[in-house]
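Here's a quick walk through one chain, from its overall layout down to a few side chains. Have the model open alongside as you read.

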Amino acid sequence: MSKPSQQKTTKDQNGVSVIQTQAHTSGLQQVPQLVPVSPGGGGKAMAPSKSKKSADKESDEYRQRRERNNLAVKKSRMRSKQKAQDTQERVNELKEENERLESKIKLLSKELSVLKDLFLEHAHNLADNVQPQSNDGSTTGQNNKNNNNTGQ
């Protein structure tokens with residue numbers, strides 16, 4: 001019932017073979033498949049101009065490009081190391097500052113505790129020394145008892 005399919009092979013700009021298959025049955029088409037030209041399989045296809053330049057490794061232009069690239073890589077690595085050093089120095093500074101602040105917190109907490117105790121002691125002493133007054137203006141408590149005892 002099904003009719004044979006047709007295959008068409010073409011090469012694209014990168015030298016990759018493209019196999020297109022079209023079935024003649026119910027009007028369905030298959031998706032084109034990419035097949036590498038080289039028998040070694042996958043990998044990156046290079047533009048023809050780059051492959052010619054990289055083939056001549058003995059040329060002065062190639063050596064100059066390599067030298068410039070090596071310098072750029074060295075400079076980039078130095079910048080990266082410097083940035084890592086700067087970051088580590090900043091981390092150390094922040095750790096020291098954090099330790100100073102933590103010790104200051106402990107000191108201030110102790111001071112606050114001492115001051116609270118002093119305040120509470122002082123407030124308690126004031127409360128003991130202050131005697132409440134009655135509505136008629138006379139004091140109550142110890143003074144009234146003393147007056148009653150001496151008046152009899």
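## Where to start

In which helix is Val114 found? Val114 sits in helix α2, which covers residues 60–129; helices here are DSSP runs of H or I with at least four residues, strands are runs of E with at least two, and both are numbered from the N terminus.

A word on the ground rules: this is a predicted model, so local features need pLDDT of at least 70 and side-chain atom pairs count only at pLDDT 80 or more, while totals for chains, interfaces and linings use all residues. Residues are numbered from 1 along each chain as its sequence is written, and side-chain values use heavy atoms, with hydrogens and water left out.

## The overall layout

The chain has 3 helices and 3 strands. Reading from the N terminus, the order is β-β-β-α-α-α.

Of the 152 residues, 2% count as buried (under 20% relative accessible area; exposed means over 50%, and partly exposed is in between, with a 1.4 Å probe and protein chains only). The chain exposes about 14300 Å², with carbon and sulfur atoms supplying 52% of that area (Shrake-Rupley method, 1.4 Å probe; for residues, only the protein chains shown count as cover). As for contacts (heavy atoms within 4.5 Å), take those between residues at least 6 apart in sequence: 4% of them join residues at least 24 apart.

## A nonpolar patch

Back to Val114: together with Leu115 and Leu118, Val114 makes up a nonpolar surface patch with about 280 Å² of accessible area. Patches take residues with over 30% relative accessible area and no salt bridge, joining like charges within 9 Å and nonpolar side chains (Val, Leu, Ile, Met, Phe, Trp, Tyr) within 5 Å. Val114 itself is partly exposed, at 49% relative accessible area.

## Salt bridges

There are 3 salt bridges in the structure, each being a side-chain nitrogen of Lys or Arg within 4 Å of a carboxyl oxygen of Asp or Glu. Glu58, Asp60 and Arg63 are linked in a network of them. Arg63 meets Glu58 at 3.9 Å, N to O, and Asp60 at 3.1 Å between the closest N and O atoms. Asp60 and Arg63 are about one helical turn apart, because 3 residues separate them in helix α2. Glu58 is exposed at 60%, as is Asp60 at 54%, while Arg63 is partly exposed at 43%.

Further along, Glu93 pairs with Arg90, their closest N and O atoms 3.9 Å apart. These two also lie 3 residues apart in helix α2, so about one helical turn separates them. Glu93 is partly exposed at 46%, and Arg90 is partly exposed at 48%.
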